[in-house]
Amino acid sequence: MEPSDAAPSPAARTAGSAFLRAARGESVPHTPVWFMRQAGRSLPEYLAIREGVGMLESCMDPEMVVEITMQPVRRYGVDAAIFFSDIVLPLKAVGVDLDIKPGIGPVVAHPVRTLADVEAIPDLTPDHVGFITEAVRGLVGELGATPLIGFAGAPFTVASYLVEGGPSKEHAKTKAMMFGAPDVWAALMAKIAGIAGAYLEVQVAAGAGAVQLFDSWAGALTPRDYAEHVQPWSRQVLERAGSLGVPRIHFGVGTSNLLDLMGEAGADVVGVDWRTPLERAIPVVGDRAVQGNLDPTLVFAPTEVMTARAAEILDAGRAARGHVFNLGHGVIPSTDPDQLARLVDFVHSYPLD
């Protein structure tokens, strides 16, 4: 095959997408929209394919990952696909004894307490996640001009699962290590940052056009503690992803007091949860794009109420370098898919000026 006859690369096919243009602060034909957890529990077709299949098992099946990731793209016509997986999957892939318990979340059999525990966790290589490479390649072939967002869990959030042994509201054991055993904490964060960076590299190498770093529990931290004990490690992951030439989104929950620091960690796009109005967030994040941030419960309101709030967010987003419309957190499982479809149509048709 002559070079001129070769099929265009995933980057070439998606270069003009509204999502990537907004993430880079470029002009867009319409405000792009996608939803966190769009490939998940709110879709009947998702529930059907997942019946009887464990979460981690489904995440390690390339054909299932492709189908689940594609489902919301087909149904809603969103401007980006989010890779279907879980933030603890890379740990499972390198051999950490963990499982995702229904109704609970990730549960780690042997929580991390010592330097020896940290050293026992292998570094991630592409060979650990060949099924991820296969799934991403399959997806970019089906997605065409729609970009795929790869993702990883941020070091603090993943560390919390490892130290606590599962989900936690107080993160007491995590903070005890952070403050009381700084050598163990630094080693653990370095380990997770390396795993997350390598995991993102695998996804981008296979064709993902952007990445998102999820720091679900960072809102438990003060700005000082985040800056001293967390930001350097998130920066390490985001800088590694940035060297790949793809836009980087950084999102945390309850992080209104950390938005500037999260942006400074290396984000091109700062995700804003629903608690912080965009008009307040935009000056804080500086010369960066923003993502968000409709309250996920508003999709349960009458359509005219939902779209009125969405219009306020779209209007506020004009002040940012770029705006990607999203919910302020993930889609709630009991959400009516038809209401999300109406929301996508509204965002796409809303005038830019």
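How do the residues lining the largest pocket divide into nonpolar, polar and charged? Keep that in mind while you set up the view. This is a predicted model, in which local features need pLDDT of at least 70 and side-chain atom pairs count only at pLDDT 80 or more, while totals for chains, interfaces and linings use all residues. Residues are numbered from 1 along each chain as its sequence is written, and side-chain values use heavy atoms, leaving out hydrogens and water.

**Stop 1: the largest pocket**

Select Arg37, Arg41, Met55, Ser85 and Asp86: of the 38 lining residues, these lie nearest the centre of the largest pocket. (On a 1 Å grid over the protein atoms alone, a pocket is an open set of points where a 1.4 Å probe fits, with protein on both sides within 12 Å along at least five of seven lines; lining residues have an atom within 4 Å of a point.) Its volume is about 1,100 Å³, meaning the space filled by probe spheres set on the points, which are joined across faces, edges and corners.

Now the opening question: the lining has 23 nonpolar, 10 polar and 5 charged residues. (Ala, Val, Leu, Ile, Met, Phe, Trp, Tyr, Cys and Pro count as nonpolar, Asp, Glu, Lys and Arg as charged, and the others, Gly among them, as polar.) Colour α3 (44–50), β2 (98–101) and β3 (105–108) next, as each supplies at least two lining residues; α3 gives the largest share, 3 residues. (Helices, H or I of at least four residues, and strands, E of at least two, are DSSP runs numbered from the N terminus.)

Stay on Arg37 for a moment. It sits in the loop between α2 (18–23) and α3, and its phi is near 65°, positive in a residue other than glycine. Most residues other than glycine have a negative phi. Arg37 is partly exposed, at 42% relative accessible area (buried is under 20%, exposed over 50%, partly exposed in between, with a 1.4 Å probe and protein chains only).

**Stop 2: the second largest pocket**

The volume here is about 250 Å³, and the lining splits into 7 nonpolar, 5 polar and 3 charged residues.

**Stop 3: α5 against α8**

Show helix α5 (residues 62–76) and helix α8 (residues 130–143), which pack at about 35° with axes 8 Å apart. (Axes are lines fitted to C-alpha atoms over the stretch in contact, and angles run from 0 to 180 degrees between N-to-C directions.) On the α5 side, pick out Val66, Met70 and Val73 among others; on the α8 side, the contacts include Phe131, Ala135 and Leu139 (contact means heavy atoms within 4.5 Å). The residues of this contact divide into 9 nonpolar, 2 polar and 3 charged.

**Stop 4: α9 and what comes after**

Select helix α9 (residues 155–164), where 10 of 10 residues are buried. Gly165 follows, with a positive phi near 90°. Carry on to His171, in the loop between α9 and α10 (172–180): its phi is near 55°, positive in a residue other than glycine. His171 is buried, at 2% relative accessibility.

**Stop 5: either side of β8**

Asp287 lies in the loop between α15 (278–285) and β8, and is exposed at 58% relative accessibility. Finish at Asn293, in the loop between β8 (289–291) and α16 (303–317). The peptide bond from Gly292 to Asn293 is cis, with omega near -5°.
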